[in-house]
Amino acid sequence: MILGYEVPQGSKIYFSKDAKLKRDIEKMAVEIFYENGYEEIATPSFNFTNDDKILSKRKIIRISADDNNQMILRNDNTIDVIKIINRHLSKIDNKKWFYIQPSFSYPSKEVNQIGAECIDANGIDSILCTAVSIFLKLGLNPLLQVSNMNIPRLCAKESGFEIEIFSQMQVEKILNSNSYLKDLLYIQNKSSLESYILKAPSFIKYELQKLLDSASYCCYENTIFSPLYYPKLGYYDSLFFRMFNNNKDFLRGGKYEIDGVHSCGFAIYTNEVIEFMRQNYE
């Protein structure tokens, strides 16, 4: 028997100190967003279904409108924000937006997020620095990993590999292949990346330089470069970054194209940040 007051598995309830911590994290993020020229947007929790190829691969919670049209609970913040801005707010000059709202997936998973999107952005350096600023203000120092998905794509094409070798990070196959792949695998810091670019194969040199430039504008010591890292995350398609601790992602972000518009953004996973701070700072 399920009682009406029980909290469904996958959803969250915050109270007392945890609720205050959640609000403090959001407040700090909001201050930094406004300081950097962002404006806030809140999108509807309900959307009409569509043929979006990205959303179709996800576990969506479906509901019915009063006229029997199919709707879904908001499953992704970035897609909703970009499409609403492009289709309903296109006359507004502002290109930098932030939001604080959850996304939902089947059967009852609720993901609290603090996110930002930059429309028509050429690089990730600005939004990357904004993300780092938030964590520094929170007193956190997670590992920042920066990658460029175009590099493993080009390497797969050049070597005749399937891209899964990189998305699954099959280290043994990479080590037993071309020498340049071994060198890429061992790159971690800025100096090793700079040194390798000088001798890199011509077909990846440009993308390696983009990777180096993207993170060089942000002074954050706990940064690693991962040229061969290839996350399968739907719409992110080139430069990508994440901040994590002990395999727990605190943030993911990067460049993407939605509705034919090239943009970049990130999302902070508030639940994971709260859990880490509660365990380590009480």
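Colleague: How many disulfides does a search of the whole structure find?

Modeller: A disulfide is a covalent bond between the sulfur atoms of two cysteines. The search takes a pair of cysteine sulfur atoms within 2.5 Å as a disulfide. Over the whole structure, the number found is zero.

Colleague: Which pLDDT do side-chain atom pairs need in order to count?

Modeller: Residues are numbered from 1 along each chain as its sequence is written, and side-chain values use heavy atoms, with hydrogens and water left out. This is a predicted model: totals for chains, interfaces and linings use all residues, local features need pLDDT of at least 70, and side-chain atom pairs count only at pLDDT 80 or more.

Colleague: How far is the sulfur of Cys 219 from the closest cysteine sulfur?

Modeller: Cys 219 is exposed, at 76% relative accessible area; exposed means over 50%, buried under 20% and partly exposed in between, with a 1.4 Å probe and protein chains only. The closest cysteine sulfur belongs to Cys 218. That sulfur is too far for a bond, at 7.0 Å.

Colleague: Is Cys 155 buried or exposed?

Modeller: The relative accessibility of Cys 155 is 0%. At that value, Cys 155 counts as buried.

Colleague: How many salt bridges does a search of the whole structure find?

Modeller: Side chains of opposite charge can pair when their charged atoms come close. A salt bridge is counted when a side-chain nitrogen of Lys or Arg is within 4 Å of a carboxyl oxygen of Asp or Glu. For the whole structure, the count is 11.

Colleague: Which residue joins Arg 23 and Glu 26 in a network of salt bridges?

Modeller: Arg 23 and Glu 26 form a salt bridge, with the closest N and O atoms 2.8 Å apart. They lie three residues apart in helix H1 (residues 16–35), which puts about one helical turn between them; helices (H or I, at least four residues) and strands (E, at least two) are DSSP runs, numbered from the N terminus. Arg 23 is exposed at 55%, whereas Glu 26 is buried at 5%. The network also takes in Lys 22.

Colleague: How many residues apart are Glu 31 and Lys 137?

Modeller: Glu 31 forms a salt bridge with Lys 137, and their closest N and O atoms are 2.6 Å apart. This pair links distant parts of the chain, with Glu 31 in helix H1 and Lys 137 in helix H3 (residues 125–137), and the separation is 106 residues.

Colleague: Where does Asp 259, the partner of Arg 87, lie?

Modeller: In the salt bridge between Arg 87 and Asp 259, the closest N and O atoms are 2.9 Å apart. Arg 87 is exposed at 52%, and Asp 259 is partly exposed at 37%. Arg 87 is in helix H2 (residues 77–88), while Asp 259, 172 residues apart from it, is in the loop between E10 and strand E11 (261–269).

Colleague: Which strands are at the edges of the eight-strand sheet?

Modeller: The sheet is open and its pairing is mixed, in the order E1-E5-E6-E11-E10-E9-E7-E8; two strands pair if DSSP finds at least two bridges between them. An edge strand pairs on one side only, which is the case for strand E1 (39–40) and strand E8 (223–225).

Colleague: Which residue stands opposite Arg 242?

Modeller: Strand E9 (residues 236–245) and strand E10 (residues 248–258) run antiparallel and are joined by seven bridges. The residue in E10 opposite Arg 242 is Arg 252.

Colleague: At what angle does helix H9 run to E7?

Modeller: Helix H9 (residues 202–216) lies across strand E7 (143–148), E8 and E9. Axes are lines fitted to C-alpha atoms, for helices over the stretch in contact, and angles run from 0 to 180 degrees between N-to-C directions. For H9 and E7 the angle is about 150°.

Colleague: What do the buried residues of helix H8 pack against?

Modeller: In helix H8 (residues 190–197), the buried residues are Leu 193, Tyr 196 and Ile 197. They are on the same side of H8 because they cover an arc of only 100° around the axis, taken from the directions from the helix axis to the C-beta atoms. With contact meaning heavy atoms within 4.5 Å, they pack against helix H7 (179–186), H9 and E8.
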